[in-house]
Amino acid sequence: MLEGAAKIAQQAGDLIMEQYEEQAYATYEKSDASPVTSADLAAHRLITAKLNALTPDIPVLSEEGAHLSIEERQQWPRYWLIDPIDGTQEFIARSGDFTVVIALVVGQQPTLGVIYWPAGDKLYLAQRGAGAFRRDVNGEQQLQVRKVSKPLDDPIILAISRRQPRERVLARMNPDRELSTLPAGSCSLKACLIAEGAADCFLRVGPTGEWDTAAADVIVGEAGGSIVSEHFKPLTYNQEANLGNPNFLILGDPAVPWQQVFIRHQTHPEA
């Protein structure tokens with residue numbers, strides 16, 4: 001299923017890039033005021049159809065599809081969780097920093113993850129217990145988070161959004177900890193930067209959905225890192241009616257004392 005999902009993600013990426021390069025898409029506003037494009041919807045239809053053909057007995061839950069009730073969803077022993085374009089704002093802004101995201105959730109935990117970056121032609125994939133890998137023009141390479149040589153003291157590299165005000169993130173960080181920043185686009189792309197060691201951490205403040213983190217949860221975890229809530233609790237899947245995530249952290253080297261780096265949870269436990 002991992003290879004099948006990887007192939008489907010690349011096929012969706014080809015479709016998206018065709019519309020991206022020709023600028024042959026329309027933009028709409030969803031009920032929550034976030035943007036969606038005809039490319040999102042076309043990729044949703046392609047991925048859903050191909051996953052249904054690959055695994056007819058496994059339901060598909062897509063950001064751009066119908067969201068069934070929690071009672072219905074919890075009857076599923078496993079399901080595909082997809083984001084046809086993670087980073088629609090980046091797609092519209094023409095930064096190239098958007099991805100196709102496919103995850104398999106089994107027993108309320110992601111067990112397989114695929115993230116494809118079409119503009120960079122890089123495929124990130126992982127399965128629980130089998131490692132995380134990147135495929136590109138140079139072949140396949142196993143991923144490992146960056147080891148910080150002095151976890152208590154060395155500067156860390158913070159992946160940061162181009163669309164999110166920096167102050168919202170920096171206000172939650174220890175001002176005494178030296179850091180550098182690496183701007184990037186979609187949440188899943190920043191997760192891949194951490195998994196491959198280009199960045200050390202990322203804090204997402206604001207609304208996201210479970211489809212934004214499920215594949216990254218597997219890829220980062222298999223590379224030696226983790227994804228947790230702002231209060232350092234594990235993220236949950238298919239346990240809430242609204243499918244929303246809390247503010248969350250993507251963390252690299254587990255030797256770094258992250259609770260001393262991100263300190264908002266200490267002084268503002270209700271936030």
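Predicted model: local features only at pLDDT ≥ 70, side-chain atom pairs only at ≥ 80, totals over all residues.
**Notebook: charged and aromatic contacts**

I began with E3, which is partly exposed at a relative accessible area of 45%.

Next I looked up what E3 touches. Its side chain meets that of R135 in a salt bridge, 2.6 Å from N to O. E3 sits in helix 1 (residues 2-22) and R135 in strand 8 (residues 132-136), so this contact ties together parts that are 132 residues apart in sequence. R135 is partly exposed, with a relative accessible area of 26%.

I then checked the total: the structure holds 10 salt bridges.

Is D57 buried or exposed? I find 56% relative accessibility for D57, so I put it down as exposed, the cut-off being over 50%. R78 comes out at 31% and counts as partly exposed.

Back to strand 8 for R134. The R134 and E196 side chains form a salt bridge of 2.8 Å, N to O. R134 belongs to strand 8 while E196 is in the loop between helix 6 (187-195) and strand 12 (201-204), so parts 62 residues apart in sequence get tied together. R134 is buried at 14% relative accessible area, and E196 is partly exposed at 21%. I also traced a network: salt bridges with shared partners join E3, R135 and E140.

On to the rings. How many aromatic pairs does the structure hold? I get seven. One of them is F202 with F248: the ring centres are 6.3 Å apart and the planes at 75°, so I logged the pair as edge-to-face. F202 is in strand 12 and F248 in strand 14 (residues 248-251), so the pair ties together parts that are 46 residues apart in sequence. F202 and F248 are both buried.

I looked at W258 and F262 next, a tilted aromatic pair with 6.2 Å centre to centre and 35° between the planes. W258 is buried, with a relative accessible area of 6%, and F262 is buried too, at 3%.

Last entry: Y20, Y25, F91 and F98 make up one aromatic cluster. What lies over the face of Y20? I found R94 there, at 4.3 Å from the ring centre.

Note on methods:
Residues numbered from 1 in each chain as written. Heavy atoms only, no water. Salt bridge = Lys/Arg side-chain N within 4 Å of Asp/Glu carboxyl O. Helix = DSSP H or I, 4+ residues; strand = E, 2+ residues; numbered from the N terminus. Buried < 20%, exposed > 50% of the residue type's maximum accessible area, 1.4 Å probe, protein only. Phe/Tyr/Trp six-rings, centres within 6.5 Å; stacked < 30°, edge-to-face > 60°. Lys NZ or Arg CZ within 6 Å of the ring centre and 35° of its normal.
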